[in-house]
Amino acid sequence: MEFTMRQLTSCLILFSILFVGIGCGNGETEEPAAQQAMDDGVRTIEIFGTDDMNFVVTEDAGGITTGDPVGQDFVLEEIIAEPGEEISIRLTTRSQLPATAMSHNFILLEMGMDPDNFSRMSLTAADNDYIAPDLEDRVIAATSLLGGGESDTITFTVPDEPGEYDFLCSFPGHYSGGMTGKLIVQ
């Protein structure tokens, strides 16, 4: 059986594509980002900020407490952590609205900081991602303010003192709309 140069070239290209595809994949499926992070000793929690002013997660996983389902997602109510644990929060805003109308951030406050007071004092701090400059020292960790489709990841060490630490979105109206939760350190 004789091959033409064109048939031989086609066979070599097909063989190369198959070989490279198999060689690169090693037959393994890709781990989710959260699992990869756990391998590094840092727990990653993927959170989405929604137009209906909720922090949601796509799965009800260990180490978090969720509330009512919202579509296929779950409202995030609590993050349970150990003192000194490292956690990464990856926040993504899901919105088709302009950033001036709908943006989200994730702000973790020191224990004892009144989230209602923090939210009210931050209403006029648009140039500082709605974080009152006088209260910046009461913030443990905060993402940037994010418009639709934008993401930010923060990594922080959980405080050593057991107790409840509030987190919230400080974009105007979002805290009062229910975009809040608790980090429970136990």
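Me: Before anything else, what does contact mean here?
Reply: Contact means heavy atoms within 4.5 Å. Keep in mind that this is a predicted model.

Me: OK. Among contacts between residues at least 6 apart in sequence, what share joins residues at least 24 apart?
Reply: In this protein, 64% of those contacts join residues at least 24 apart.

Me: How many helices and strands are there?
Reply: The protein has three helices and 10 strands.

Me: In what order do the elements run?
Reply: From the N terminus, the run is α-α-β-β-β-β-β-β-α-β-β-β-β.

Me: How much of the protein is buried?
Reply: Of its 186 residues, 38% count as buried.

Me: And what about the accessible surface?
Reply: The accessible surface comes to about 10600 Å². Carbon and sulfur atoms account for 53% of that.

Me: Now the inside. Which residues touch the most other members of the largest nonpolar core?
Reply: Those are Ile47, Phe55, Ile79, Ile89, Phe106 and Leu183. The core has 26 residues.

Me: Which elements give two or more residues to this core?
Reply: Strands S1 (43-49), S2 (55-57), S4, S5, S8 (151-157), S9 (163-168) and S10 (180-185) do.

Me: Buried or exposed?
Reply: Ile89 is buried, because its relative accessible area is 0% and buried means under 20%.

Me: What does Ile89 contact, leaving aside neighbours within four places in sequence?
Reply: Its contacts include Ile45, Ile47, Ile79 and Phe106. Asp152, Thr153, Ile154 and Phe156 are also in contact with Ile89.

Me: What separates the C-alpha atoms of Ile89 and Phe106?
Reply: The separation is 8.4 Å. Along the chain, Ile89 and Phe106 are 17 residues apart.

Me: What does Phe106 touch, not counting residues up to four places away?
Reply: Phe106 touches Ile47, Phe55, Ile79, Ile89 and Leu91, among others. Further along the chain, its partners include Ala141, Ile154 and Phe167.

Me: New topic. Where is Asp73?
Reply: Asp73 is in strand S4, residues 73-81.

Me: Does it count as buried or exposed?
Reply: Asp73 counts as buried, because its relative accessibility is 13% and the cut-off is under 20%.

Me: Which side chain has a polar contact with that of Asp73?
Reply: The side chain of Arg94 does, at 2.4 Å.

Me: What else is in contact with Asp73, beyond four places in sequence?
Reply: Besides Arg94, Asp73 is in contact with Val56, Val57 and Thr58.

How values were computed
Residues are numbered from 1 along each chain as its sequence is written. This is a predicted model: local features need pLDDT of at least 70, side-chain atom pairs count only at pLDDT 80 or more; totals for chains, interfaces and linings use all residues. Side-chain values use heavy atoms; hydrogens and water are left out. Helices (H or I, at least four residues) and strands (E, at least two) are DSSP runs, numbered from the N terminus. Buried means under 20% relative accessible area, exposed over 50%, partly exposed in between (1.4 Å probe, protein chains only). A polar contact is a pair of N or O atoms within 3.5 Å; within protein, one must be able to donate a hydrogen and the other to accept it, and residues adjacent in sequence count only if both atoms are side-chain atoms. Accessible areas come from the Shrake-Rupley method with a 1.4 Å probe; for residues, only the protein chains shown count as cover. A nonpolar core is a set of buried Ala, Val, Leu, Ile, Met, Phe, Trp, Tyr and Cys residues joined through side-chain atoms within 4.5 Å.
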